[in-house]
Amino acid sequence: MNRENVFGYPEPVWARFEAPARAGELMAAADVVVVEAGSPAARGRLRLYAQLAGGRVVDVRFQAYGCPVTIAVGQWVAEQLVGADPRVHRLTAADLRQALEITDDKAHCALMGEDLVLALVKRISG
Amino acid sequence: MAVYFDHNATTPLDPRVLEAMTPYLTGPYGNPSSVHRFGRAARDAIEQARQQLADLVGCRAAEITWTSGGTESNNLAIKGATDPLAPGGVLYGATEHPAVMEAAESLTRRGWRVEPIAVDATGIVDWAAFERQLAAGGVRLVALMRANNETGVLQDVNRAAALGHAAGAMLHVDAVQAAGKIPLDFRALGADTMSLSAHKLYGPKGIGALIARNEIELAPQHHGGPQERGLRGGTENVAAIVGFGVAAELARVELEARAAHVLALRDRLEAGLAALPGVCIFGAGAPRLPNTLQFALEGFEGEALLMQLDRRGFGVSSGSACASGKGEPSHVLLAMGYPRDIAFGAIRVSFGQRNREEEVDRFLQALRELAGQR
Amino acid sequence: MTDALIYLDYAATTPLDPAVREAMLPWLGTVDGYGNPASDHAPGRAARAAVEAARAEVAALIGAAAEEIVWTSGATEANNLAIKGALEFRGGDGAHVISSRIEHKAVLDTCRYLETRGVAVTYLEPDRDGLIRAGQVLDALRPSTVLVSLMWVNNETGVINPITELAPRLRERGVLFHVDAVQAAGKLPIDLAATPVDLLSLSAHKVYGPKGIGALFVRKRPRARLAPQMHGGGHEQGMRSGTLATHQIVGMGRAFALARKTMAADAERVTALRERLWQAMSVLPAIARNGSVGHLAPHVLNVSFAGAEGESLRARLSDLAVSSGSACSSATREPSYVLRALGRDDETAASSLRFSLGRWTTPEQVDRAAQRVIDEVSWLRQLAPDGGAA
Ligand SMILES: Cc1ncc(COP(=O)(O)O)c(C=O)c1O
Ligand SMILES: Cc1ncc(COP(=O)(O)O)c(C=O)c1O
């Protein structure tokens with residue numbers, strides 16, 4: 001398979017889009033929360049499954065519908081959350097944009113990632 | 001062996017240009033506006049050519065719009081620049097190429113006042129008359145060619161730019177014949193728009209360019225498609241663009257040597273002609289392109305002379321290689337004040353890189369024989 | 001790497017046929033064959049003869065006379081010349097033009113321009129299958145209608161419009177008929193001797209000819225009159241000035257001559273491959289074919305893949321040269337205006353791909369392409385919340 005980054009996505013985006021770790025879902029359980037961000041209207045949707053223990057994320061999966069940047073954002077958020085307490089380790093759109101080298105025309109994708117984290121924080125703080 | 005002395009009509013392709021074009025006539029290169037890989041390669045090649053051309057003519061790559069040739073460039077410049085404006089005045093040199101003259105004249109139907117600028121007997125703009133036309137007010141566009149295709153006479157477009165700009169007019173320069181023959185610097189000329197064509201400088205036919213300063217608002221003339229920033233729709237002619245780029249690069253590198261080569265031939269011809277009775281060299285008193293010489297032999301009708309030269313294997317022309325105007329004397333020579341019968345006798349010789357002294361001598365010999373038969 | 005790329009974008013442009021290239025090379029002359037066809041000497045005459053031979057070949061494919069062919073730099077210019085030229089000749093003010101929502105940008109943008117110059121334009125809506133019916137056109141006629149401009153075959157869906165049915169009806173009513181036949185030439189039989197179209201646009205690079213050359217058919221009897229749009233020199237009977245690009249023209253001539261020979265066989269083969277592609281992809285649930293299957297040119301297959309977001313789908317299919325919407329420079333794009341006109345929502349239009357097949361498409365390529373599409377659509381759907389069902 002010769003999948004090539006012909007459209008010139010930033011390298012951190014492309015790597016995650018090509019082979020996103022932590023894609024999928026976690027089985028429903030008492031300690032698993034599910035949060036979402038985005039909307040079909042924005043042509044992007046992120047869903048996060050997080051298994052919690054004492055406010056920390058011990059396991060996490062994500063699902064994404066949208067452009068490659070959206071998918072990479074979902075992947076990055078999932079990756080960053082492992083072992084972290086999202087209330088303390090606050091991930092912002094700015095962090096996302098920097099880490100994934102997201103360009104201005106895709107800024108909304110980074111915001112969707114931030115929304116996802118906020119949704120999770122809200123659920124935990126509950 | 002035929003002798004080709006008609007390089008102002010068109011030039012052979014430089015073998016190095018053909019070589020550069022060949023991959024684009026062979027590979028499955030896509031529509032450059034398409035997104036897939038082939039399309040990207042084509043787009044990169046187009047942008048490289050843009051830079052090569054920019055380097056030849058002293059403009060920025062972003063100021064270049066590809067067209068199908070000098071004719072389209074002139075049409076785009078003149079109609080495109082006037083479309084967004086309320087009708088006013090347009091002036092064009094009386095010896096301009098028909099593409100400029102007729103594009104300008106077409107504006108009369110849109111309410112524009114269109115006038116030629118007179119030239120003197122050597123083909124140079126009559127500056128006093130030009131200044132009077134500008135002083136009358138309302139002139140928005142002036143079109144003046146850098147080098148004339150028939151006589152080779154060079155205009156001081158710098159001066160026209162200064163005068164025009166002071167009067168609030170833009171300047172369009174048809175540099176189709178100048179490019180590759182004399183140094184050309186878009187910025188230094190002070191032009192607002194400038195036309196170029198590849199097939200006059202050993203590039204392919206069917207590709208040209210319009211240079212336009214960023215500040216100049218141009219209305220597209222080929223609507224449809226995002227190509228050339230929406231200014232000129234149509235799938236790009238990739239092979240020809242690549243060819244134009246390489247031809248421009250070669251012209252830049254070899255400009256001096258080329259000019260010296262053809263100038264030596266022209267001087268030889270001019271010296272030889274002086275020995276013939278009743279020779280008139282057009283534009284002789286003006287600065288001219290190094291490769292061009294237009295003349296008449298007294299008592300000869302040009303068409304007949306051309307036919308006889310053609311039979312002897314000499315490819316020359318009377319003036320422009322145009323589809324119209326057959327049987328009409330050159331408007332350039334008429335504008336310079338020559339009577340119709342002299343204008344009818346005109347022969348244009350335009351040299352190129354492969355011409356040799358020996359060919360000039362054979363040509364002179366043929367003329368002497370024909371003059372003797374008279 | 002490149003050899004792995006499967007080219008299924010023949011409707012965007014075709015590779016040059018080697019025979020076309022061979023025909024062009026003598027006219028890309030470094031020693032010979034460089035004359036200006038307008039010149040009156042031996043090199044000029046040789047070039048002129050080649051240009052005229054090519055004119056006859058182009059005319060022959062469409063049942064026209066050679067002198068009815070005007071060379072242009074492509075179909076974009078041909079469409080501009082036809083529409084603006086006709087309106088300018090007749091005087092645009094108060095005139096009415098009928099076109100459709102699914103025309104190529106070269107027609108749409110030209111019509112939009114005319115609207116700024118006082119011309120009224122009706123843009124007909126296709127049905128959900130992409131078809132414009134003849135009755136629709138006739139119903140839209142007004143006393144002030146001077147021109148109908150309709151494409152023969154749509155470049156995104158491949159749907160064939162009822163040009164042969166419509167042409168005589170418009171002729172009866174004295175309305176000029178322009179047809180953008182870029183995607184029809186060489187794909188379907190065109191006989192302008194029997195079909196009273198007045199103006200017809202052609203492009204070489206969709207028919208295995210070179211880019212940057214096209215033609216406008218301008219009927220002689222009854223004469224379709226145009227105001228020239230490119231002035232100077234008076235080439236092409238005064239309708240289109242500019243030095244003729246001999247090699248380009250010769251290439252188009254050869255390409256059209258080849259098309260005349262191979263059209264019937266090509267059509268059969270390409271249609272079979274197209275159906276093979278569709279069949280192979282049909283194992284995917286929730287996909288839909290766009291365009292009326294009963295009225296398709298051989299070479300186009302347009303499919304919507306619900307639940308697989310378009311930009312990601314294109315990015316993952318970088319080894320397939322396919323299109324979505326009209327050509328554009330990044331993966332991010334407006335959803336196709338043609339599919340929107342067929343009533344698809346933005347989301348569906350955006351997750352649609354146009355596959356277009358041609359002379360060198362093989363069954364193996366088709367099978368491999370289908371498998372790649374199946375894999376990536378499935379992958380994206382699996383990654384999406386609820387399998388992509390929004
Ligand atoms: C001065 C001048 N301008 C414009 C043109 C037209 O250029 P093209 O032949 O590329 O249309 C020519 C040549 O024919 C020319 O000599
Ligand atoms: C239907 C249709 N019309 C016009 C064009 C424009 O043709 P060209 O690329 O020759 O300008 C195209 C192709 O891009 C097309 O598909």
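A salt bridge is counted here when a side-chain nitrogen of Lys or Arg lies within 4 Å of a carboxyl oxygen of Asp or Glu. By that rule, Glu254(B) forms a salt bridge with Arg16(B), with 2.7 Å between the closest N and O atoms. Glu254(B) belongs to helix α8 of chain B and Arg16(B) to helix α1 of chain B, so the pair ties together parts that are 238 residues apart in sequence. Helices (H or I, at least four residues) and strands (E, at least two) are DSSP runs, numbered from the N terminus. Over all chains, the structure holds 53 salt bridges.

This is a predicted model, in which local features need pLDDT of at least 70 and side-chain atom pairs count only at pLDDT 80 or more, while totals for chains, interfaces and linings use all residues; side-chain values use heavy atoms, with hydrogens and water left out. Residues are numbered from 1 along each chain as its sequence is written, and chains are lettered from A and ligands numbered from 1 in the order in which they are written.

The model scores ipTM 0.95 and pTM 0.94. For chain C the average pLDDT (the predictor's confidence in each residue, from 0 to 100) is 94, and 97% of the residues score at least 70. Residues 327-331 of chain C stay under 50, and the model has 16 contacts for them beyond four places in sequence. Contact means heavy atoms within 4.5 Å.

Next comes the interface of chain B and chain C. Here 63 residues of chain B are in contact with 66 residues of chain C. The two chains bury about 5,000 Å² between them, and 56% of that is on carbon and sulfur atoms. Buried area is the accessible area (1.4 Å probe) that two parts lose on being put together, summed over both. The rule finds three salt bridges across this interface. Arg45(C) and Asp310(B) meet through their side chains in a salt bridge of 2.7 Å, N to O. In general, side chains of opposite charge can pair when their charged atoms come close.

Between chain B and chain C there are also 19 residue pairs in polar contact, both residues being at pLDDT 80 or more. A polar contact is a pair of N or O atoms within 3.5 Å; within protein, one must be able to donate a hydrogen and the other to accept it, and residues adjacent in sequence count only if both atoms are side-chain atoms. On the chain B side, α1 (15-26), α2 (37-57), α3 (70-82) and α4 (98-106) each supply at least two residues that touch chain C. By class, that side has 22 nonpolar, 25 polar and 16 charged residues. Ala, Val, Leu, Ile, Met, Phe, Trp, Tyr, Cys and Pro count as nonpolar, Asp, Glu, Lys and Arg as charged, and the others, Gly among them, as polar.

Within chain B, the domain assignment gives domain 1 (3-11 + 255-372) and domain 2 (15-250). Such bounds come from an automatic or database domain assignment. The C-alpha centres of the two domains of chain B lie 26 Å apart, and 32 residues of domain 1 are in contact with 34 residues of domain 2. These domains bury about 2,700 Å² between them, 56% of it on carbon and sulfur atoms. Leu255(B), Arg258(B) and Leu289(B) supply 23% of the area that domain 1 buries against domain 2, more than any other three residues. In domain 1 of chain B, α8 (238-274), β10 (292-297) and α10 (331-335) each supply at least two residues of the side that touches domain 2. The largest share, four residues, comes from α10(B).

Chain C is divided into domain 1 (6-13 + 263-383) and domain 2 (18-258). Their centres, taken over C-alpha atoms, are separated by 28 Å. The contact takes 30 residues from domain 1 of chain C and 32 residues from domain 2 of chain C. Between them these domains bury about 2,600 Å², 56% of it on carbon and sulfur atoms. Met263(C), Tyr337(C) and Arg359(C) supply 24% of the area that domain 1 of chain C buries against domain 2 of chain C, more than any other three residues. The count between the domains of chain C is zero salt bridges and 16 residue pairs in polar contact.
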